[in-house]
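Good morning, and thank you for coming.

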Amino acid sequence: MSLFELTLQDLRTGLDRREFSSAEATRAFLDRIAATDPQLNAFITVCAEQALAEAAAADRRLAAGDAAPLTGIPLAMKDIFNTAGVRTTCASKILADYVSPYDATAFARVKAQGAVLLGKVNMDEFAMGSSNENSAFGAVRNPWDTACVPGGSSGGSAACVAARQAPAALGTDTGGSIRQPAAHCGVVGLKPTYGRVSRFGVIAYASSLDQVGPVTIDVRDCALLLQAIAGHDPLDSTSVDTPVPDYAAALRTGLEGVRIGLPKEYFGEGLDTDVRRAVEQAVATCRDLGAEIREVSLPHTGYAVACYYLIATAEASSNLARYDSVRFGHRTAAAGNLIETYSRSRDEGFGAEVKRRIMLGTYALSSGYYDAYYLKAQKVRTLIRQDFLDAFETVDVILGPVAPTPAFRLNEKTADPLQMYLSDIFTIPVNLAGTCALSLPCGFSGSGLPIGLQLIGKPFAESDLLHVAYAFEQATEWHKRRAAI
Amino acid sequence: MNYEVVIGLEVHVQLTTRTKIFCGCSTAFGQPPNSQTCPVCLGLPGALPVLNYQAVEYAIRTGLATNCSIAPQSVFARKNYFYPDLPKGYQISQFELPTCRHGWLDIEGEWGVKRIGITRIHMEEDAGKLVHGEAPGSSQSSFVDLNRAGTPLLEVVSEPDLRSADEAVAYLKKLHQIVVYLGVCDGNMEEGSFRCDANVSLRPVGQQEFGTRAEIKNVNSFRFVKQAIEYEIERQADVLDAGGKVVQETRLFDAQTGMTRSMRGKEEAHDYRYFPDPDLVPLEIDAAWIEAERAQLPELPDARRQRYQAELGLSAYDAEVLTAERAMAEYFEAGVALLPTQPKAVANWVMGDLTRKLNDSGQTLAESPVTPELLTGMLRLIEAGTISGKIAKTVFDEMWATGHEAARIVEEKGLVQVSDTGAIEAIVDEVLAAGAAQVEQYRGGNEKVFGFFVGQVMKASKGKANPALVNELLKRKLSGE
């Protein structure tokens, strides 16, 4: 087995036993990136030299007996995390040459443990998209079928793990941006509860929805990486100061006493038959493992996408105002005055989907429309959150599909934004509710594309998700299949 | 036509917190451009605001001092607009749920006592500053200095209760006095720590609904506020008298010409697209916090003024002067505490010689070499008859120069008052003998020359003669022994 095929946990064990060095492991991943990325385009920036220097430092730390759980482990970061000294583009032309002077907290935490930064991975521009086709650095290809999209917006994070270019990556999830690409690429992705992981230094798309999470090969790795990044950060006022449990302790087999709810709204029309079959099979597996299966209802599900595209775009229209070319970022060469400098720089710097969302959000917040759109959407959001809280009165975990279909083909939906938006119909409600959800492999389509299973937990009950996911994973073989690339 | 003037003021009060409202950068004035900045106040991608709780404390105190109710929950909102001095493309402010609401201030003047409503006081961050063409050979360039960006401000919005420029100035002075008293603002109007926008409109006397208003921006002295409002009243009256309509617009006051000119019209007015800032949680202020801030409030000028009159027997004028500034009131009270029998004497010296010395030297009360202890020490010598009031002026100057106690100065300089009747009588005799002509005048009915004799005696005694004794002896001798 090559080093690049190892899970994060295996790498940990091997490093601790001195079976190989961090430098050797890092070299293996860098070689893998060099060999496969021309086909995938998962990386925007590869930090080869710096990664080897960090690996050497990690090896010294290991030799000194001062190892933390991530010391010497190579990782990839979505290019939305500020990384001091390494450019942070957010997959946008407007930040194509931007180098941040500071580290995002989530990155600072893995760095402090001695993780090695392999590079910055591709994404939809400003995390706006569900296919990773909205990148100023080109689309990412799905490692299972390069004619297909990897999902988005954390397409690079999911693709690079699926292709074993990195053993794990960090992504962000605003409406499904970790879970949907994880499902499409056959890896594990977790969106923690809003407030569980600091957003400080994560380039904002929609501040009330954005959340950082891990993308990994399996559930154990997910717990390991979550452990490293979770917890209160005084630099993020919305991060929550509640104790971080030992997530590894949640990795138990058997589901006796666990009540799993199936929301009827998630199994209606429009659900691909392969996806339905795989998810229903997963339900049977959970029942076999001892779980009690119940039907639940999330009655406002149908309003979630509309609600999301008002709130997220409203926040985005404001969050993206700072890209005015005054202090940093792309500035037009052709402008005679201030207004032209603004409008041309932004016109040249932002892609079409980003502009579409800025305009939608600006409209939703405009005087005279605010009550009808933004305020109404906030009320709907409260109802959607209440749906989940009501359902959690009777069940511990909610189970359903991640996306209505497996990965679609490149360009299949680019002409129809609404169709694209609907691919997030099962993931968006979780962000609106602010709770946690995990995606893990539960089967394959007729054409060999991975299918994801979504587990939704109570606020701050990531351990519940890890328990169910781990038990399911141990009882199945899906996570052991590798993309052909 | 006769018009009634309607004025509402929006005052920006810059708070004296050591650090900015949403980051740890210093708020010190006059530092090299952009030297007091960080990812948060530069608006760099990914940076997030964290509220400075001292700014909240100051907002609560200001709200309490202006009779506002403090909202148990207030919400920070984003005010969206593009300008190069606004790094994030939005200003974090408060919109629907400000921290303080429904307050008032009483102003006094020729109109008597009038209560002016305060609609709201909200917290917000300041923008940066643009510097145009100051670098060599770059007259076409503009530079952005973000040292000020993120400095905490309170915006105090009055009700449209003011009816003249004088009322507006009285209100402003009152508010200025309070925030400086509280220590939440340094009150420096030149540096922009206390600045004002005025909404001015006219309506025919008797009409209920308000006329169309113009907003005059950033007027940075009391005098300019008066000038700007008076100009604006006249301008609007001319427009109305000519049958025209006042345009709703923003106008800029030009201190050079004393006029206001149009800056932007209603159609160019911004739609700020306010919405709650998702990066900040709602600000919760409970009763215990409010009481803790109430306990920090100093006695405010109005209460002090009334107490000085009622309990210390001072005149309204003296009470007004002594309470105008907190430092002076506290100095005065320290003096009264040391010499409770003589509040009037303490008041006279504080308002007289001490103020004169401070003005001459440009020093503040905190820097005064004459402390309340030194001053009252001297007043005790007067009370005991050791020195005269006249000699005391010399002693005071000496205290100012040396910082020594009055008793020591009196002793070293031999300034003890002469109350020895024999010694004074000898001088009186000499003076009367030398001024035979004036004695004749006095006895002929010209009593004004009495002062001449007093002066001569005091001069001859080098000011040390006890004035009461001098008077008594002179009277006796002039009336024919």
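This is a predicted model: local features need pLDDT of at least 70, side-chain atom pairs count only at pLDDT 80 or more; totals for chains, interfaces and linings use all residues.

Let us begin with helix 11 of chain A, residues 352-365. Its 14 residues should span 20 Å at 1.5 Å a residue, and the end C-alpha atoms are 20 Å apart, which agrees. Which residues of this helix are buried? They are Val354(A), Arg357(A), Ile358(A), Gly361(A), Ala364(A) and Leu365(A). Viewed down the helix axis, these buried residues fall within an arc of 130°, so they line one face of helix 11. On the face turned away from that buried side, helix 11 carries the exposed residues Ala352(A) and Met359(A).

What covers the buried residues? The cover includes helix 9 (304-319) and helix 12 (371-391) of chain A, together with strand 15 (275-276) of chain B.

That brings us to the contact between the chains, which takes 34 residues from chain A and 26 from chain B. The side of chain B that touches chain A has 17 nonpolar, four polar and five charged residues.

Finally, chain A as a whole. Its secondary structure comes to 15 helices and eleven strands. The radius of gyration of chain A is 21 Å, close to the 23 Å of the globule rule for 485 residues, so chain A is as compact as a globular protein of that length. Buried residues make up 61% of the chain.

Conventions
Residues are numbered from 1 along each chain as its sequence is written. Chains are lettered from A and ligands numbered from 1 in the order in which they are written. Helices (H or I, at least four residues) and strands (E, at least two) are DSSP runs, numbered from the N terminus. The radius of gyration is taken over C-alpha atoms; the globule rule is 2.2 Å times the number of residues to the power 0.38. A residue is buried if 20 or more other C-beta atoms lie within 10 Å of its own, exposed if 12 or fewer, and partly exposed in between; C-beta atoms are placed from the backbone. Two residues are in contact if their C-beta atoms, placed from the backbone, lie within 7 Å. Ala, Val, Leu, Ile, Met, Phe, Trp, Tyr, Cys and Pro count as nonpolar, Asp, Glu, Lys and Arg as charged, and the others, Gly among them, as polar. The expected span of a helix is 1.5 Å times one less than its number of residues. The arc is that of the directions from the helix axis to the C-beta atoms.
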